[in-house]
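Me: Please take a close look at one part of this model. Start with the whole chain, then zoom in.

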Amino acid sequence: MTQAAQALPAASLLQLIWLASPALPVGGFSYSEVLEAAVDRAGVATESIASDWLADQLHLTLARGDLAVIAQAIPAWRASDLPRIQQLNDWVLQTRESSELRLQAEQMGRSLLDWLRNHDGANAAHIAACARMQPTYPVAFALAASQLEAGVRDCLLAYAFGWAENMVQAALKSVPLGQSAGQRILARLSRDIPAAVESALLLPDSERQAFSPMLAILSAQHETQYSRLFRS
């Protein structure tokens with residue numbers, strides 16, 4: 001039986017859901033990942049436009065960047081390949097295109113590492129190694145996920161859905177939208193996530209990228225936006 005066909009043990013499934021939950025105390029709720037600036041400056045003012053914006057962000061930035069990093073980082077953590085982990089973490093730091101986006105990756109990485117230190121079954125040696133790297137959130141998430149029995153694909157699906165939930169909540173507050181509209185956007189993103197994950201799993205290092213000029217420009221503008229609900 002292939003790994004994809006095997007049922008994930010209940011304990012590991014619940015831990016994976018827990019790890020990807022927006023309720024995890026890592027501060028994800030305080031970031032809109034530029035959506036707030038897009039509402040203010042780029043005309044993201046309706047459910048349809050917000051849905052298209054987030055779907056594009058899923059495929060053009062998340063799948064080609066963070067998801068691709070996590071896909072490589074989970075097996076690297078499981079193999080204790082620290083040079084590879086350092087390389088991936090450095091890539092995330094170097095490719096964040098604004099100070100806000102880099103600070104988000106760093107803050108959420110530190111917070112997830114703090115959570116792991118108080119989590120049963122955490123690998124103390126790996127946590128210490130990660131702390132020395134100025135950990136980013138994708139690399140810290142990969143460390144947490146590497147300790148579960150879940151396959152890499154399941155971990156990416158969980159990460160992407162957690163991201164989608166956070167972004168939909170940001171859309172509800174910043175566009176603003178109603179709960180029904182939010183659920184329709186989440187349903188669309190849920191349909192798109194499997195393809196984004198498959199793309200990330202197949203992406204070699206040479207094709208991994210964080211090139212999203214409009215997102216970078218809006219992020220820089222958000223730093224001086226007059227009124228803000230979110231930190232990015």
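Reply: Begin with contacts across the chain. A contact means heavy atoms within 4.5 Å. Take the contacts between residues at least 6 apart in sequence: 82% of them join residues at least 24 apart. This is a predicted model, in which local features need pLDDT of at least 70 and side-chain atom pairs count only at pLDDT 80 or more, while totals for chains, interfaces and linings use all residues. Numbering starts from 1 along each chain as its sequence is written, and side-chain values use heavy atoms, with hydrogens and water left out.

Now the overall build. The protein chain has 11 helices and zero strands. Here helices (H or I, at least four residues) and strands (E, at least two) are DSSP runs, numbered from the N terminus. The radius of gyration is 17 Å, close to the 17 Å that the globule rule gives for 232 residues, so the chain is as compact as a globular protein of that length. That radius is taken over C-alpha atoms, and the rule is 2.2 Å times the number of residues to the power 0.38. Along the principal axes, the C-alpha atoms fill a box of roughly 45 × 35 × 35 Å. Of the 232 residues, 52% count as buried. Buried means under 20% relative accessible area, exposed over 50%, and partly exposed in between (1.4 Å probe, protein chains only).

Look at the α4 side. Helix α4 covers residues 66-78 and holds Trp77. Trp77 counts as buried, because its relative accessibility is 0%. Leave aside neighbours within four places in sequence. Trp77 then contacts Val139, Ala142, Leu143 and Ser146, and also Leu82, Ile85, His126 and Cys130. The backbone oxygen of Val139 lies 3.2 Å from a polar atom of the Trp77 side chain.

Helix α6 runs over residues 99-117 and includes Glu100. Glu100 has a relative accessible area of 7%, so it is buried. Its side chain makes a polar contact with the side chain of Arg228, at 2.9 Å. A polar contact is a pair of N or O atoms within 3.5 Å; within protein, one must be able to donate a hydrogen and the other to accept it, and residues adjacent in sequence count only if both atoms are side-chain atoms. Not counting residues up to four places away, Glu100 touches Ser219, His222, Glu223, Arg228, Arg231 and Ser232.

Follow that list to Ser219. Ser219 sits in helix α11 (residues 213-222). Ser219 is buried, because its relative accessible area is 0%. The Ser219 side chain makes a polar contact with the Ser98 side chain, at 2.5 Å. Beyond neighbours within four places, Ser219 is in contact with Val34, Ser98, Glu100 and Leu101.
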